[in-house]
Amino acid sequence: MKILAEHEDYGYSIVISLNKAGFTSLKEGSVYPVLTRLEKKGLISSRLVPSNQGPSRKSYSLTTEGIEYFNDFTSSWQTLTELVNSLLTQERGDHYEEKGI
């Protein structure tokens with residue numbers, strides 16, 4: 001969804017972007033089912049775009065509902081990340097002192 005939040009894109013191009021971002025074991029066969037589920041939930045939409053190099057290709061973009069969902073998820077993820085990082089950087093002694101140990 002992050003990629004589609006930035007611009008409309010094709011399934012294969014999304015796979016390439018995710019591979020470049022470090023998801024090297026990710027294959028096309030696992031991305032297309034996710035795109036289908038997101039489309040069925042109304043979070044993304046697709047359209048066929050003519051191609052000079054062969055058949056038309058399906059291009060995906062976020063819907064208004066998808067943008068809202070992505071923004072809410074991003075906010076929740078940032079909060080969770082901050083809480084986990086706080087817990088991981090907390091000194092062990094601080095934890096035990098709070099518990100009266």
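Contact here means heavy atoms within 4.5 Å. The structure is a predicted model, in which local features need pLDDT of at least 70 and side-chain atom pairs count only at pLDDT 80 or more, while totals for chains, interfaces and linings use all residues. Residues are numbered from 1 along each chain as its sequence is written, and side-chain values use heavy atoms, with hydrogens and water left out.

V15 belongs to helix α2 (residues 11–20); helices (H or I, at least four residues) and strands (E, at least two) are DSSP runs numbered from the N terminus. With a relative accessible area of 4%, V15 is buried (buried is under 20%, exposed over 50%, partly exposed in between, with a 1.4 Å probe and protein chains only). Apart from neighbours within four places in sequence, V15 contacts L26, K27, E28 and V31.

Strands β2 (residues 44–51) and β3 pair antiparallel over seven bridges, pairing being assigned if DSSP finds at least two bridges between two strands. Two residues separate β2 and β3 in a hairpin, and S51 stands opposite G54 in β3. Strand β3 (residues 54–62) is also joined by two bridges to the antiparallel strand β1 (residues 9–10), where Y10 stands opposite S59.

The structure holds two salt bridges, each a side-chain nitrogen of Lys or Arg within 4 Å of a carboxyl oxygen of Asp or Glu. One joins R47 and E8, at 2.7 Å from N to O. Because R47 lies in strand β2 and E8 in the loop between α1 and β1, this pair ties together parts 39 residues apart in sequence. R47 is partly exposed at 46%, and E8 is partly exposed at 33%. E6 and K2 form a salt bridge at 2.9 Å between the closest N and O atoms; these residues are four apart in helix α1 (residues 2–6), and therefore about one helical turn separates them.
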